[in-house]
Structures are given as C-alpha cells and as structure tokens.
Amino acid sequence: MSEIPLPHRAKRVVPWWLLRHETMLAVILLIALIVLGGLNSRFLTLDNLLNQGRLTTEVGLIALPMTFIIITGGIDLSVGSIVGLCAILLGYSWKVFGFPLPLAICFSLLVGAAAGFLNGIVITRVKVPPLIMTIATLALYRGLAEGISQARSVRGYPEWFYFIGQENLFGVPAQLWLLLIAIVISAIVLDRTIFGRTLYAIGNNETAARFSGLPVDRVKLIIYTLSGLMAGLSACVLVSRVTTTRSDMGIGYELDVIAAVVLGGTSIFGGVGTIWGTVVGLAMIQLLKNGLALTGVKGDATIVVIGTVLILSTLVASSLQRRREGV
Amino acid sequence: MKLGFSAAFLSAALLAGTASAADKRWDGADDLPVNPLACSAGEANAAPAAKPYDGGRPTNAADKAGKPITLVDVPKLIGIGYFNATSKGMQDAAKALGNVTVKTDGPTEAKIDEQIKFIDNYITSGVDGILFAANDPVAIAPVLKKALSKGIHVVGYDANSAPDAREWFVNQAEFNGIAKAMIDSMAKEAGEDKSFAIVTSTFTTPNQARWIAEMWAYAQKCHPKLKWLETVEAQEDNNLSFNQATTLINKHGDKLAGLFGMTSVATPASAEAVTKAKLCGKVAVVGLATPNAMKPYVNADCVKSVVLWNPVDLGYAATYVMRAVVDGSLKPGATSVDAGKLGKLNVVNGSEILLGSPFIFTKQNIKDFDF
C-alpha cells in the first residue's frame, strides 16, 4: 500500500485505513470548526481556542498513556480516581504533613505512579483482566481519597502554584505547553521506538509477541505506571486551575479520556491507534462542546450530540475496516 | 518487593485516613467558625456587628441601567426539582421586570469542574450578568473573578462563593437559623437523649457542610444529650439516598431514633426508607426538602417537620438583585433592596441579602404550597 509514507512501518501493524480514519476525522473537525465559527463570532477567536486548550489539558495528559494502553488491548478505568487521590494527597501532604509544596507535588506524582504500578503489577503477575482490576481500583483509590481527606477541602495554596493552571507563557496557557511537550514525546515514543512498536505487537497478538521474545509484562507494567503518573500530573494541573482540592475531583474522567482516544481511531480491540488521532479526538470533543455551548445549545443536549458523534465515527471506522478485510 | 511497597504505602495511607477520622465524632462539616443561635426564642441574640461591603466589583461594566439585559443562571446542576423551582422564580421575575432575559444552563451532575466550564463558556459568548449557585466556594472563584474582570455582573444565590468573587449573594436563610430549626425539631420529635444519623449530599458541598457544622454547634449548646451516630454521603441521588438511609436503619437498629436529610433528594428518600422499614413513628425524619416531594409522608404522619425556604422566591429575589445592581440602585453600603412582590429585603453580613427566616412545613400548612 503506497499510501503509507513511512517505509519502516509493517503493513500488518498499521493498516492503511487508519490514516484515512484520522484524516477523515480531521476533515470533520475542520467542517465543524467552520460551521460553529459561522454560527458564533466568538468561537473562532484565538482567545477562546487557547482557553479550550487550557480546559482540555487535564483530560489530554491522561489520554496519551491511555492511547498506549488501549493499543495493547488493555484499559485503565482508574485514572479519574487516581486524579482524586493525587489531588487529595497533594493538598494533604502540604497542609497536614507540612511538606513544602514542591515536595508535596513530587509526592503526589509518586503516589500516582505507585497507583498505576499497582494496577500494572496485578494485571501482569496475577493475570487479572485490566477491566476488572481497574474497576476495582476505581473504587479503591476514590475510597482512599475520601477516607484520607475526610471531606476537608484544602485551599489557600501559595500564589506561585497557580502559575501552571491559570497563567500564560508566551501568550499560551501554561498547561498547554505541558500538554504539547507530552504529545510530542508520546508521539515519538509510539512511532519511532522499539517500545512503541512493541505496544502494537502486543495489541495485535500478545502470544506471538511473547514468543518473539518481547518483554510483554515489563512493557505493560511501564504503561500502567505511566498512566498513573500522568493522572497525578493532571491532578496537579487541575488543583492549580481550580485552586482547591476536593476528594470528588476527576470523577468521570476515565470516560472523557477513553472517548477521546476511541474517537481518535484507536481500536478498543488493540493493535491500532496513533497519538495524532487522540489529539484530533480530544480537540473534536472539546471544540464541539464549546462550540455548541456558545451557539446556545444547552448542556444536556450537548452530551447527546457528543454521544451521537462517537457512535457515528465508530460506525464509519468499523465499516471501513470491514471493507478492507473484504467481509 | 515493589508490590510490597505499594501495598505498604496504600495501607499506611488508609491508616492515616482512619486515624484522622477517629478524633472527629462527626463529619461532613466544614472548619469555618460557627455562630449558634440562642436556645429559646425569648433569649436575645447578640446582634452581629455590621460588616462593611466585602463583595467584588466588575471592571468597566457597560451602562445598561433601565435597558434590556441578558442573564445566564448556572446552578449546581440542572434537572432536579429544587433548581427547577429557582429557575421558575427567575422567569417570574424576568416577566415582572419586563426587560430581563434569563436562561438556565448547567451541568447535569453537581461537578465543580463542569460548572466552571459552563461559566467560562458564557463569559466567552457574552452575557450581561451571571447568576450562580456554587458547587465549591473557592474553586468557582477564579472563573467568577474572570467574569467580573470582563465587566460582567455576578450575583450568587443558594450556595455562596468567596465574597470578593461576586458582587452580592442572596442568602435563602442563615445557616445557624436552619441548624436551629433542624435540631429543635429533632429533639422534639425523637427525644432529647436519642441518637440520630445524617444523610447529606457530599462532604464537600458547601451548604450542607455549613449546616452540619452549625447543627453540631447548636446541639452542643442547647441539646447536648443528642447522640451523633454518623453522616453518610448520597450525592444528590435518589436511589443512593434511599440505600444509604436503609443501610443506616439496618446498621443501627433500635439505637437509631432519627434521620436528618440534608438535601431535597435525601429527605424524601429517607422518609421512603423509614416507611418501607415500617418504622414510621419510631424513626423521626427531619430535613430540608420541597413540599410536593414530602406531602405523601407528611400526610401519612411519617414526617412531622420539613424545613425549607421558598426556592421560587429565592430565584425571584436573585433576579431582582441583579437588575438592581445593573441599574445602580443597589450599591455597596446599601442596607436593603427592593425585590418586587417580596418587598424590601435586608442586607446582612456585608454583601449578602437575606430572603428571610427558614420555614417549617407541617401537616397543617403543607397543602398550601405547590412546588
């Protein structure tokens, strides 16, 4: 298939229609932008678009490792709860343990990584399916967050801490830089490293990957840990943006994250997906929500539209796949 | 080994959590100072010292005095009876005023992050004023300050934000007033030395946390023998509230003599749980709720007191306050504001406008209300 511009890509690993799916999605996104921009003059302003970038960063940071995980055929439903746990421990270790705030941030990132590591170790060693394990820790981590916080919100962080959540750097929201860097790194890792290619191999055929001598368990352990770490990072950004720590932070994030990843063309069955697709998926959901809200569509109707877009895009993707396979 | 570390860490965190729980017999309250009222109505309360205006001010707001204005109302969540009622009050006021358009829009779940996004979008789309009921007083502050900085007027109702993030807050009833009404009713119905439990929304919801803190303070002062069993969370979720109330009944058995419902969802659900357990008359239910939801239980003599204010009036008052702010007739330092059919409402506590005393619905009067 000559459509594939990267000659080192094995055809079986990245099917040709994948690029088409994302291109198609990008085209839909473009059309949506033009239509919504025509309906409301304030939609396509730089100010609004950058602000949307700010609002989507927390979900975006988690969507990157989630892309890795879903490519391997796994899933991580505990990310929203890890956000809650990390947010609480950031505030708690600062206010109650008396850690200096930078140390508290490191501590909460470490906790995020540990929470992801626990997911990974049980999934790889005990062979608990990722869905079951992360549903369990979805409840466990949220319970810990609520138990530790005892419903107390932590407030009154020092002014410098609000930089990442609320300030601009060179005219762009500070957290958006973080997201951009994370996107570039994730894309390179997925596309240009042995580690990244191993993810596709695992997703396509885990047994074959094992027989090929690929370190399947170690790779899985790394991506679940990474997922926890990024959820921790997302928690720091979120706390900085909303200035207060609550134990109910991040509830439902897992669904937003998975929606963006799947909309971006990553197959829930594994083996297929790109960071580029996830980024388009993220932008699509956030800009649709924002554009519809600005045009005067109410909150509950917006959710209906997002749901419909998800179903339609999945339908189109699977019909393209069927055509390719000649079924 | 690494697994061991994670496990050790998690159990340490768990222990830390339970240890900190042990030194508090009650939960669900905030840590802010409390101000319990006097025990009997006869005793005089020390009048709170008049506070100077502590609200915020918009920068370069357009002069729309007497001109048509467009407002958006972002409650904690949409689709529940309580906020439908406040929304109705706003529409009534808009009709009465004639030059106000109000739209209610908000998240379908009471999530602070979602609420912030809604407000942010309305700042971008451009409105003259924002009415809000905060899911979190501090978390909502930056986005409200952003609105003020763009010249948009901001008035809160139902649940306050940090004072400097909005201009005025319409307070439906003072927290200590609600707390007194709740605790007095419970002591009267269940008995002075009985045990009770609380079904609340979430521990972090500001109103509920404030009420529980004031209830605790007032009970300590005036009904010290009342026993506090526990407070459970039930979101604003009907099923969960019913389940939590049923669990409390099963868990505490005969010890449980009363249930407080802290939300308009938890109270009828608790009453339903008591009815289903055939404990009417044995377990008293006292709580905040709208009359229509409570009529079956009050008429069946299962519930004697329902504490509330009129949420339709609350939305009505908030809209009048917003109009007065835009017109310039309500300025910092004012002591009262005209609220149409509600008459003059007083300014309390610097930048709050008080709707009135809490109202207790009983079998005698509940039939007169329909909301």
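What follows is a chat about a predicted model with chains A and B.

Modeller: Quick ground rules: the model is predicted, so local features need pLDDT of at least 70 and side-chain atom pairs pLDDT 80 or more, while totals for chains, interfaces and linings use all residues. Residues are numbered from 1 along each chain as its sequence is written, chains are lettered from A and ligands numbered from 1 in the order written, and side-chain values use heavy atoms, without hydrogens and water.

Colleague: How do you know whether chain A agrees with a compact globule?

Modeller: Set its radius of gyration, taken over C-alpha atoms, against the globule rule, 2.2 Å times the number of residues to the power 0.38. For 327 residues the rule gives a value near 20 Å, and chain A has 20 Å, so the two agree.

Colleague: Why is Ser351(B) called buried?

Modeller: Buried means under 20% relative accessible area, exposed over 50%, and partly exposed in between, with a 1.4 Å probe and protein chains only. Ser351(B) has 0% relative accessibility, so it counts as buried. Ser351(B) sits in the loop between strand E12 (344–348) and strand E13 (352–354) of chain B. Across the whole of chain B, 58% of the 371 residues are buried.

Colleague: What makes the pairing of Ser351(B) and Arg166(B) a polar contact?

Modeller: The test is a pair of N or O atoms within 3.5 Å; within protein, one must be able to donate a hydrogen and the other to accept it, and residues adjacent in sequence count only if both atoms are side-chain atoms. The two side chains make such a contact at 2.7 Å.

Colleague: And which residues does Ser351(B) touch?

Modeller: A contact means heavy atoms within 4.5 Å. Leaving out residues up to four places away in sequence, Ser351(B) touches Tyr53(B), Asp54(B), Gly55(B), Arg166(B), Glu167(B), Trp168(B) and Phe169(B). In chain B, among contacts between residues at least 6 apart in sequence, 76% join residues at least 24 apart.

How values were computed:
Helices (H or I, at least four residues) and strands (E, at least two) are DSSP runs, numbered from the N terminus.
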